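Thanks for coming. I will keep this to side-chain contacts, so please have a look at the slide.

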Amino acid sequence: LRWYRYNVGGTTWYTGSGKIIGSGFTPITKVINVAVGANGDLYFVRTTGALVIYRHTGRLTGAATWANSGGYTIGSGWTGSEIIVPNGGGVVYRQVNGNLIWYKHSDPALGAVTWSKASTIGTGWRFYDLLSAGGGVLYATQGQTGQVLLYQHADPSGGTAVWNTARGVPKMVADARSFGITVDPNACSMP
């Protein structure tokens, strides 16, 4: 696992970008899905279907330091054919089988396996990619057209199926090379 950080105030990568900060994250043989959350939280789906959370405490400097070096297993039955979208504050959205499901993990820092009841908050969700900007804001990319739509879940902390933007607001057309890019889930917040 390599660490990169871009200097948004300039035009360069931070010193040390590209250095190895972890091992054992081999795609397909060890890991089948990954999502980046806030505060250095990394969510991995292992080939066993286990959802494991790691917290990278060296996220700002690139230090290979972790709050939980082995990660915490916080779920089972997860796959590589779904999209996992951490939204900050323990909230995780999961697009699977055409549904958008809301989960809230009560203690992502310590990894205790305590979830609020999962709630289906959307149907017909079959997007190519989903990104979270926090505060319930989701950017959904349509596969065939590349159209990026903005959705805002009105209740990201409680999980009710209420939306400020239920149909999605067209924002831009994604470049085909943009898959795999993530956004800081702390970028937006609810007023």
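Is Trp115 buried, partly exposed or exposed? Trp115 counts as partly exposed, because its relative accessibility is 26% and that class runs between the 20% and 50% limits. Please keep in mind that this is a predicted model.

Now the aromatic contacts. Searching the whole structure gives 11 aromatic pairs. In one of them, the ring centres of Tyr103 and Trp115 are 5.7 Å apart with the planes at 75°, so this pair is edge-to-face. Tyr103 belongs to strand E9, residues 99-104, while Trp115 is in the loop between E9 and strand E10; the two are 12 residues apart. Elsewhere, Trp125, Phe127, Tyr151 and Trp163 make up one aromatic cluster.

Next, the charges. The search finds two salt bridges. One joins the side chains of Arg55 and Asp41, at 2.6 Å from N to O. Arg55 is in strand E5 and Asp41 in strand E4, so the bridge ties together parts 14 residues apart in sequence. Both Arg55 and Asp41 are buried.

The other salt bridge is between Glu82 and Arg94, at 2.6 Å from N to O. Here a loop residue meets a strand residue: Glu82 sits between strands E6 and E7, and Arg94 is in strand E8. Glu82 and Arg94 are both buried.

Arg94 has a further contact: it lies over the face of Trp78, 3.9 Å from the ring centre. Arg5 also has its charged end over a ring, that of Tyr14, at 4.4 Å from the centre.

Methods
Residues are numbered from 1 along each chain as its sequence is written. This is a predicted model: local features need pLDDT of at least 70, side-chain atom pairs count only at pLDDT 80 or more; totals for chains, interfaces and linings use all residues. Side-chain values use heavy atoms; hydrogens and water are left out. Rings of Phe, Tyr and Trp (its six-membered ring) pair if their centres lie within 6.5 Å; planes under 30 degrees apart count as stacked, over 60 as edge-to-face and the rest as tilted. Helices (H or I, at least four residues) and strands (E, at least two) are DSSP runs, numbered from the N terminus. Buried means under 20% relative accessible area, exposed over 50%, partly exposed in between (1.4 Å probe, protein chains only). A charge sits over a ring if NZ of Lys or CZ of Arg is within 6 Å of the ring centre and within 35 degrees of the ring normal. A salt bridge is a side-chain nitrogen of Lys or Arg within 4 Å of a carboxyl oxygen of Asp or Glu.
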